[in-house]
Amino acid sequence: MEPTVGILGLGYLGSTLARLVPWSPQSWGTCRPSSYPAILSQQPLPVVPFDWTQASSWEALPTQSAILILTIPPIRDLEANRNHLRQWSAWMREHRPACSRLLYVSTTGIYPKRAGVWTEDTGEEPDSLSGELRKQTEDLLGEVFDLQVVRPGGIYGPKRNLWQRLRNGQAMPTSPHQPTHRIHVEDLARLIHLLILKPELPSCINAVDHQPLPSLRVAQWCAKQRPTALQLENHGLLAEPETDLPFLERKISNQRLQSTGLLLRYPTYQEGYHSLLDEPLNQLRA
Ligand SMILES: NC(=O)c1ccc[n+]([C@@H]2O[C@H](COP(=O)([O-])OP(=O)(O)OC[C@H]3O[C@@H](n4cnc5c(N)ncnc54)[C@H](OP(=O)(O)O)[C@@H]3O)[C@@H](O)[C@H]2O)c1
């Protein structure tokens, strides 16, 4: 039987993970009280209304043993985030001692935005607030929980991807010429599943596919496969030559990911976006 999990945050990744395998029937996930009960019909797991920043809602977390997967992002202030993590971790240790194992979904944004090859052993400090918040979160959770960390690049997949944006007439992301590290949401969920089953695997793993590439190049590739699907606003993409502008040589290593033996279903953007070229268009978010 699959293990018991508690997924903190049934967002894009959390929902994909919830659907990945038939988790044990004691498993659960959380959503913010404002999304409850509307979310219930979309989820295969029992859903607990929970606001991470409201101590009064922590009691809602089930008491039985579960492996926690934390997908909720940090509070965007270093001191507030530190205080919050200390308070929540101490509460969990006292009131939910059976949930001592936690897998934290961090980000490759923890690595400096400078040229270089960045591995999980890189000791350099982050150079952005979001990176610092992630590092702080990893460190503080590691003091209390039996911790595994996954650091994904940009997460994409069904209903949330660059090709959806462009077909909806939305603009390209900023810095489209810089190489982006990405991972398909299904492969990320499969990696997390593997780490849950094998706690002996390395406790920190970068989750990026085998081909970092500027978003512009990915967009051009998609546009060439389906030239008639583009909104007028983005037709310029088709005309733009596929020249390689000079870009930052920043490479995030996925050697450790490869050493786990996990074979990515979407090893590069081509496999990933090929599966997304013809998906129905989302309603735009308000
Ligand atoms: N998307 C990317 O490209 C990317 C890349 C690297 C790392 N990450 C990180 O990986 C994690 C998972 O990504 P994702 O794309 O699945 O993010 P997501 O869809 O935004 O999911 C995050 C979940 O956390 C919930 N949440 C946020 N604040 C909360 C709070 N105070 N209390 C309770 N729940 C709260 C959100 O609820 P609501 O929906 O109600 O806000 C949502 O369900 C996130 O930490 C994200 O920052 C994302």
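**The sheet and its surroundings**

Guide: Seven strands, 7 in the order β3-β2-β1-β4-β5-β7-β11, form an open sheet with parallel pairing, where two strands count as paired if DSSP finds at least two bridges between them, and where helices (H or I, at least four residues) and strands (E, at least two) are DSSP runs numbered from the N terminus. At the edges stand β3 (47-49) and β11 (204-207), each with a single partner strand, so one side of each is left without a neighbour in the sheet. From one strand to the next the twist averages 20 degrees, with axes taken as lines fitted to C-alpha atoms, for helices over the stretch in contact, and angles running from 0 to 180 degrees between N-to-C directions.

This is a predicted model, in which local features need pLDDT of at least 70 and side-chain atom pairs count only at pLDDT 80 or more, while totals for chains, interfaces and linings use all residues. Residues are numbered from 1 along each chain as its sequence is written.

Within the sheet, β1 and β4 pair in the parallel sense over 4 bridges, and G6 has L68 as its bridge partner in β4. On to the next pair, β4 and β5 are joined in the parallel sense over 3 bridges, with L103 of β5 as the bridge partner of I69. The side chains of β4 go two ways, I67 and I69 pointing one way and L68 and L70 the other, and all are buried, that is, with 20 or more other C-beta atoms within 10 Å of their own, against 12 or fewer for exposed and values in between for partly exposed, C-beta atoms being placed from the backbone. Together with helix α2 (residues 78-95), β4 and β5 make a right-handed β-α-β unit; right-handed here means that, with the strands pointing away from the viewer, the path from the first strand over the helix to the second runs clockwise.

Strand β5 (residues 101-105) is in turn joined by 5 bridges to strand β7 (residues 146-152), the two running parallel, and L102 has L147 as its bridge partner in β7. Helix α5 (residues 185-197) packs on the sheet, where it touches β1 (5-8), β4 (67-70), β5, β7 and β11, and its direction makes about 160 degrees with that of β7; contact requires C-beta atoms, placed from the backbone, within 7 Å. Helix α3 (residues 129-144) lies across β5 and β7 and runs at about 175 degrees to β5.

Turning to the ligand, 20 residues surround it, the closest being G9, G11, L13, W52 and T107, where near means a C-beta atom, placed from the backbone, within 6 Å. Two or more residues of this shell come from each of α1 (12-20) and β8 (154-156), and α1 gives the largest share, 3 residues. By class the shell has 10 nonpolar, 8 polar and 2 charged residues, with Ala, Val, Leu, Ile, Met, Phe, Trp, Tyr, Cys and Pro counted as nonpolar, Asp, Glu, Lys and Arg as charged, and the others, Gly among them, as polar.

Two loops deserve a backbone check. P37 lies in the loop between β2 (28-31) and β3, and the peptide bond from Y36 to P37 is cis, with omega near 5 degrees. K159, in the loop between β8 and α4 (162-167), has a positive phi, near 70 degrees, although K159 is not a glycine.

Methods. Two residues are in contact if their C-beta atoms, placed from the backbone, lie within 7 Å.
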